[in-house]
Amino acid sequence: MESSKKTLGLEHPSTVESINKLVSTYWNRCQLEEAAELLEQVLAIKNTNLGVQHPSTLTNTNNISRSYKGRGNWVEGLKFDLKNFEEKKLAFGPRHLSTLDVTDTIATSYSMLGRHEERKSIMRQLVDLGQEALSPTHKSLLDWEIDLSSTYRMRGKLDLAEELGREVLTTCQEAIVTYGGQGRWSDAEDLQKEVMRTSEIVHGETAPETLGFMSKLCYIIRGQGRLEEAKDLGEKTIRRMEKAGMAGDPRMMMTMYGLAVTYHMLRLLPEAEALLFRSSRLAEELFGKDSLQTISTMTGLSLVYHPQNKLDAAKELAETVLAQRERILGKDHPATVAALENLKKMSLPPVNSLEDQSETESMKVME
């Protein structure tokens, strides 16, 4: 580097490249103060040669900030964050994602320096600008909204924390339904995880609302064919619900039913039968004997009895379901027609259910 400076001059591109290589060496050795000093030399050169708003100059400014903060010098780091923010605002505008990202970085610096009121103020600005510029379900915006809700809660502003958290939950749940309908399971999963994180802040980690969202995540994971993962999460959710006193909660009934579907897909038929029996009894207690929920669990139970050669029990349940459907909905209703088809199937010897997935599809109807 020194030879390049003497031969070519400090501002020559080869000299700058040599300095950057030395900066990388310092970073690898965790010599962050030395790296920051060199980067400031490069910044001065780039300001002159390229201009303060050139992408390379802005990247350099960010790297200086990182170097200082990596050594715990948040005061110096914040200075360069603020400089970066002003230049990006001029170059790209206040609503550009790059500018918004720097704003988020400044908020973090304020937090690390204990300047919590300033953090709260800039986070509010960040969320407002993000809501104007980004999709309501953009991951960065959701992260900022969740962080602001958490900040409100820590500062004792519980009403504001809950209001913002509920807005996020509503927006996400509407989008998740849309994604599921479009078969965009991966997007739905990412968003459902954001929902759970928000619910943990708004309601608490073991609150019924949060556990209900965990149950929905099981459904989304199963929709992507990750059956073992869905099974493990479903079992974990039920344990947490039981511990939280949700034994008689409708969300417990739906979680048990969903896990039974997963068991059925994994050919764990005795386990599916036990859960469907429990969910059927709970559905009857909660919604009544003639409710859609109760009849659906009875249908599911007949479909689990059948491949286990419990044909009399399967046929008896199928007959009961058909009679209820005819009485409540009429003979020509699609649900009654489906119940009749199910009864016909229960009257036949069981086929290899690994080849015939129609039983599992029938069980999924209630979900």
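Start by selecting Lys 139 and Asp 143: their side chains meet in a salt bridge, with N to O at 3.1 Å. The term salt bridge here means a side-chain nitrogen of Lys or Arg within 4 Å of a carboxyl oxygen of Asp or Glu. What you have open is a predicted model, in which local features need pLDDT of at least 70 and side-chain atom pairs count only at pLDDT 80 or more, while totals for chains, interfaces and linings use all residues. Residues are numbered from 1 along each chain as its sequence is written, and side-chain values use heavy atoms, with hydrogens and water left out.

Now show helix H8 (residues 139-154), where Lys 139 and Asp 143 sit four residues apart and are thus separated by about one helical turn. Helices are DSSP runs of H or I with at least four residues, numbered from the N terminus. Lys 139 is exposed, at 51% relative accessibility. For these labels, buried means under 20% relative accessible area, exposed over 50%, and partly exposed in between (1.4 Å probe, protein chains only).

Next, pick Glu 273 and Lys 310, a salt bridge whose closest N and O atoms are 2.9 Å apart. This pair links distant parts of the chain, 37 residues apart: Glu 273 lies in helix H14 (residues 269-287), and Lys 310 in the loop between helix H15 (292-305) and helix H16 (311-329). Glu 273 is buried at 17%, whereas Lys 310 is partly exposed at 34%.

Last stop: Lys 231 and Asp 232, with closest N and O atoms 3.5 Å apart in their salt bridge.

Note on methods:
Helix = DSSP H or I, 4+ residues; strand = E, 2+ residues; numbered from the N terminus.
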